[in-house]
Amino acid sequence: MGIIRLNNIRTFSFHGCMPEEAKIGSEYRVDITANGNFRDAAATDELVHAIDYVQLNQIVKEEMDKRSKLLETVVQRIIDRVLLEIKLVEKVTVAVSKINPPIGGDVEYVTVEMQGVR
C-alpha cells in the first residue's frame, strides 16, 4: 500500500451559506491523500500504473469551482470523482479549509475532512 499526498492546493472559491460569500468569495486550502497499490508503478516506471497527482489536482480544482453552501458537499463531490475516475485509488481522504471564515471571531481557518473507501 502506498500513499500520495497533495498538500495546500489553494483556490479562490464561492462556497458558503451567506449570500455575501457567493458574491465576494474566499480563499480555500485543500489537502488530499490517496492510498493504493504502488507495486506495479514502482516495477514498471510507467504512469499508467500510478495514481496521477495531476489528475487529482484537476479534480480538486474543478469541484472547488462549483459553488456549494456546505464544505461537506464539496468534499463529498471530490471523493466521489476520485473513486469514480481513478481506479487505482483504494481510499481517499479530503480536507477542505476555508481561510478566515466569516464567523465573528479570530479563526485562521475551518476544515471539513472526510474519507471515502472503494
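Reply: The protein chain exposes about 7,100 Å², and carbon and sulfur atoms supply 52% of that area (accessible areas come from the Shrake-Rupley method with a 1.4 Å probe; for residues, only the protein chains shown count as cover). This is a predicted model, in which local features need pLDDT of at least 70 and side-chain atom pairs count only at pLDDT 80 or more, while totals for chains, interfaces and linings use all residues. Residues are numbered from 1 along each chain as its sequence is written, and side-chain values use heavy atoms, leaving out hydrogens and water.

Of the chain's 118 residues, 40% count as buried (under 20% relative accessible area; exposed is over 50%, partly exposed in between, with a 1.4 Å probe and protein chains only).

Now to your spots. Asn8 belongs to strand E1, residues 2-13. Although Asn8 is not a glycine, its phi is positive, about 60°. Asn8 is partly exposed, at a relative accessible area of 29%.

Asp45 sits in the loop between helix H2 (39-44) and helix H3 (53-64). Asp45 is not a glycine either, yet it has a positive phi of about 60°. With a relative accessible area of 70%, Asp45 is exposed.

Note on methods:
Helix = DSSP H or I, 4+ residues; strand = E, 2+ residues; numbered from the N terminus.
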